[in-house]
Every structure is written in C-alpha cells, then in structure tokens.
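Subject: Structure handover

Hello,

Here is the structure for your files. Please have it open while you read the notes.

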Amino acid sequence: MADPLSLIAAGAAVGGLASKVAEKAWESGERWLRERFGSHAAEAQEQARENAAKFIHQLAVRVAVLEKQQTLEQEKVSETQRHPQFSALLEQTILNAAKTNDHDKHDLLARLVAARLASSAETTFALASDLASDAIARSTRRQLELMALCCFLDEIRPRDPIPTTIDYHKWLAIHLRSFDNFEFSEVDARHLVAIACASYDPASTRTLAGVLLFKAGTHLIEELHDDDFTHIPIIDLLQISWDLGLGGVRLTSVGSIVGGLALSQIKGMDCGQPDWE
C-alpha cells in the first residue's frame, strides 16, 4: 500500500501553483477524512487516506497542466480557494475520492476540481460541480463512457469549418473510434436519470443521421442531406445502440460536465468546459 505522505510529496514536487494547491488540499483533507472515517476500521481509514492522497496527486498534475496552458492565475486561484462553495466542493470530492481506488475516477475528480479553480463563482459550471462530483463517484465506467459519447454527439463541433463531406466523414471516423466497443444498456440510461445526469425517452424520434448532419455545419448540410452515415463502419455500429435507446438519452448540465471530462480523458485531450455563460 502506497504511503499517502509520499504521494502528497510527489504532488508537491510538481512545483509552482500546483504544489501550493496540493498542500492546501491535503492540510484540510486530513481533517475531513478524520471526521468522516474516524469511527471506521483502521484498514478502511488507511485505504481512504491513500485514495484521497492519490486524488490530490492527480489534482496537482491537472493544475500544473492548466498553469502551463496559462489558464490559471495565482490571484484567481487564491480567490476561488477562499470561496465557501469551492471549499465545500473540495471536501465533498476528497471524500468521494477516498471511497474508491479507481484511478480513472481520481483523474476525473481532479479534472473537475482543477476546472472549478479556473471558473467563476455563481456560474452554471460552479453551481453544478457539487452534483458532478457525486455523479462521477456514483457512475460505472460504462456509464461514464455513455456520458462521454453523448457529449460528443450533442455538444462537440469541429473547431474549424470542414471543407468537404469526405473530410467530415474522416473527422467523424477519427473522433468516434474511441467508442468502437461501446454497448448501450437501458439500465445505464435510467441510472443517469437517477443521479441527475440525463433525461431518457426510449420513444425518442431523434435520428443519428440528423444529429451528425447538424454537427457538420451549415455549409455542408445540403450535400449531406440524404446521407445516413452508415457507410462509416463505427457509425453503422452506433446505429444499433441508437435504436436500442441511445437516441433517447439527453444530458443535463451535470451530465454535460461529467461527459466532457470523461471525453477529455478518453481522447487524451482537453475538450474544454461547456460554453454556457
């Protein structure tokens, strides 16, 4: 079992703003962990501390990435850390992280808190972040993948206009290949409803072709109007899931946050925060 202090030291070794965030988080986190798990068995307390330390290490890594991208500033971070809503989010997220040894969840929770450091108070992102923290903790990997896929289908657009239909087909194939093994299960959709991440209408008349057409941009709509996209192998597979109920899943603000974070994790690139404000 890894030593929590060694993990925190490794996070602090990142240096700069990231080390200060990690040290401050662990200083408060140790107190919150004692209060929450103090009456539990010694083994459970030890595992909770290790899990929380792994999360804080990941938080330091994510903050360092944002700092390098010049997305975070010391003054803004200090202001956010003093805000009671952020403090409550950090406590909640440390406790959520302490309950799991899933590395991917630690990473998602770290991405969430780091993104909250970069956002302003009283925004939709800030106010929904508490629910997003709980949603990550309460989702299976397959449910996280479902939210990531829904986020891509409904919210992600090409950053620059794609010149031709052939190029758009290639763009779809490249971005959807991460979901080659995706399988839709209705229980996952209903669970997302239960944790405030989605609505689900199994009788939805939305078409996958219509969603993909809308993503292409107005300059390609006329050329793609009669395209069902199933000549693209991955979309032919997705059509099966769509017909089974995927088309009836619509993310809420909470699901959009979690889906965006999961999509960034799956693709190994930052998809950014939802463009709501």
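The notes below cover helix packing, aromatic rings and a few single residues.

This is a predicted model, in which local features need pLDDT of at least 70 and side-chain atom pairs count only at pLDDT 80 or more, while totals for chains, interfaces and linings use all residues. Residues are numbered from 1 along each chain as its sequence is written, and side-chain values use heavy atoms, with hydrogens and water left out.

Helix packing

Helices are DSSP runs (H or I, at least four residues), numbered from the N terminus. Axes are lines fitted to C-alpha atoms over the stretch in contact, and angles run from 0 to 180 degrees between N-to-C directions.

Helix 2 (residues 16–37) packs against helix 5 (residues 84–98) at about 60 degrees, and their axes are 10 Å apart. The two are therefore oblique to each other; the classes are roughly parallel under 35 degrees, roughly antiparallel over 145, roughly perpendicular from 65 to 115, and oblique for the rest. The crossing of helix 2 and helix 5 is right-handed, that is, the near helix is turned clockwise from the far one by less than a right angle. On the helix 2 side the contact (heavy atoms within 4.5 Å) involves A25, G29, W32, L33, R36 and F37. Their counterparts in helix 5 are S87, L90, E91, I94, L95 and A98. By class, the residues of this contact are 8 nonpolar, 2 polar and 2 charged. Here Ala, Val, Leu, Ile, Met, Phe, Trp, Tyr, Cys and Pro count as nonpolar, Asp, Glu, Lys and Arg as charged, and the others, Gly among them, as polar.

Helix 6 (residues 103–117) and helix 7 (residues 124–137) cross at roughly 175 degrees, with axes that come within 10 Å. That angle makes helix 6 roughly antiparallel to helix 7. Helix 6 contributes K105, L108, L109, L112, A115 and R116, and helix 7 contributes F125, A126, S129, A132, S133, I136 and A137. The residues of this contact divide into 9 nonpolar, 2 polar and 2 charged.

Aromatic rings

Rings of Phe, Tyr and Trp (its six-membered ring) pair if their centres lie within 6.5 Å; planes under 30 degrees apart count as stacked, over 60 as edge-to-face and the rest as tilted. The count by this rule is 4 aromatic pairs. One of them, Y168 with W171, is stacked, at 5.9 Å centre to centre and 15 degrees between the planes. Both residues lie in helix 9 (residues 165–176), 3 residues apart, about one turn of the helix. Y168 and W171 are both buried, where buried means under 20% relative accessible area, exposed over 50% and partly exposed in between (1.4 Å probe, protein chains only). Together with F152 and F229, they form one aromatic cluster.

Helix 11 and what follows

Buried residues in helix 11 (residues 208–216) are L208, V211, L212, L213, K215 and A216. Their cover includes helix 8 (141–155), helix 9, helix 12 (218–224) and helix 13 (233–244).

G217 sits in the loop between helix 11 and helix 12 and has a positive phi of about 105 degrees. At 22% relative accessibility, G217 counts as partly exposed. Its C-alpha atom is 9.8 Å from that of D160, 57 residues away along the chain.

S241, in helix 13, is buried at 5% relative accessible area. Leaving out residues up to four places away in sequence, S241 touches F182, E183, F184 and L246.

Regards
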